[in-house]
Amino acid sequence: MAETPTTKKSLSFFGLLGMTDNILTEGPEPTSTYLGRSQGLLAASSQEEFTLVMATSFVFKGGNFSGSSLSVLGRNPFMDLVELPIVGGTGAFRFACGFAVVKTHWVNTATHDLIEEYHMTVMHY
């Protein structure tokens, strides 16, 4: 994580920059089927509310889409239900576009941990 000198004083963590490499599962439960990794970068981009700008790749490592990925880029005010654009993909998702409806399932603001649920609508060739 990287931050500005004022990040820790800000209620919105403005200026916080981070990288992610999280497990991607079928559901929010720890016992859910493993699908791959969610890898990317994020930045706390608002001085007024905790909002992230995200560039994330969902890298599939098992099942029918193993070796493929989907990329999402956009603004995520993660406490609200939000739509993020799908801006591309690889493998089975080459030329992908669409949207992801994102819902925060659980969050711990002290540790910056959260579980998000993504429902994706994807068009690809």
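For what follows, Ala, Val, Leu, Ile, Met, Phe, Trp, Tyr, Cys and Pro count as nonpolar, Asp, Glu, Lys and Arg as charged, and the others, Gly among them, as polar. With that rule, the lining of the largest pocket divides into 25 nonpolar, 15 polar and 5 charged residues. Please keep in mind that this is a predicted model.

Let me stay with the pocket. Its volume is about 1200 Å³. The lining is made of 45 residues, and the ones nearest the centre of the pocket are Asn-22, Ile-23, Ser-38, Glu-116 and Tyr-118. Which elements give two or more residues to that lining? They are β1, β2, β3, β4, β6 and β7. Strand β7, which runs over 113-123, gives the largest share, 8 residues.

In soluble globular proteins, nonpolar side chains tend to be buried together. The largest nonpolar core here has 12 residues: Leu-24, Phe-58, Phe-60, Leu-70, Val-72, Val-82, Leu-84, Ile-86, Phe-93, Ala-96, Ala-100 and Val-102. At least two residues of this core come from each of β3, β4, β5 and β6, and β5 has the largest share with 3.

Take Phe-58 as one member of that core. Leaving out residues up to four places away in sequence, Phe-58 touches Leu-24, Leu-70 and Val-72, among others. The list of its contacts also includes Arg-37, Ser-38, Tyr-118 and Met-120.

Is Thr-56 buried or exposed? Its relative accessible area is 6%, and the cut-off for buried is under 20%, so Thr-56 counts as buried.

Now the charged pairs. How many salt bridges are there? The count is 2. One of them joins the side chains of Arg-37 and Asp-21, at 2.9 Å from N to O. Arg-37 belongs to strand β2 and Asp-21 to strand β1, so this pair ties together parts 16 residues apart in sequence. Asp-21 is partly exposed, at 43% relative accessible area.

The side chains of Glu-49 and Arg-75 also form a salt bridge, here at 2.6 Å from N to O. This pair links distant parts of the chain, 26 residues apart: Glu-49 is in the loop between β2 and β3, and Arg-75 is in strand β4. Both ends are partly exposed, Glu-49 with a relative accessibility of 35% and Arg-75 with a relative accessible area of 46%.

Phe-95 is in the loop between β5 and β6. Its phi is near 65°, a positive value in a residue other than glycine. At 62% relative accessibility, Phe-95 counts as exposed. Lys-9 is found in the segment before β1, and Lys-9 is exposed too, with a relative accessible area of 71%. Between the C-alpha atoms of Lys-9 and Glu-83 the separation is 29 Å, and the two residues are 74 residues apart along the chain.

Definitions and conventions
Residues numbered from 1 in each chain as written. Predicted model: local features only at pLDDT ≥ 70, side-chain atom pairs only at ≥ 80, totals over all residues. Heavy atoms only, no water. 1 Å grid on protein atoms, 1.4 Å probe; cavity = no way out; pocket = protein on both sides within 12 Å on 5 of 7 lines; lining within 4 Å. Points joined across faces, edges and corners; volume = space filled by probe spheres on them. Helix = DSSP H or I, 4+ residues; strand = E, 2+ residues; numbered from the N terminus. Salt bridge = Lys/Arg side-chain N within 4 Å of Asp/Glu carboxyl O. Buried < 20%, exposed > 50% of the residue type's maximum accessible area, 1.4 Å probe, protein only. Core = buried A, V, L, I, M, F, W, Y, C linked by side-chain atoms within 4.5 Å. Contact = heavy atoms within 4.5 Å.
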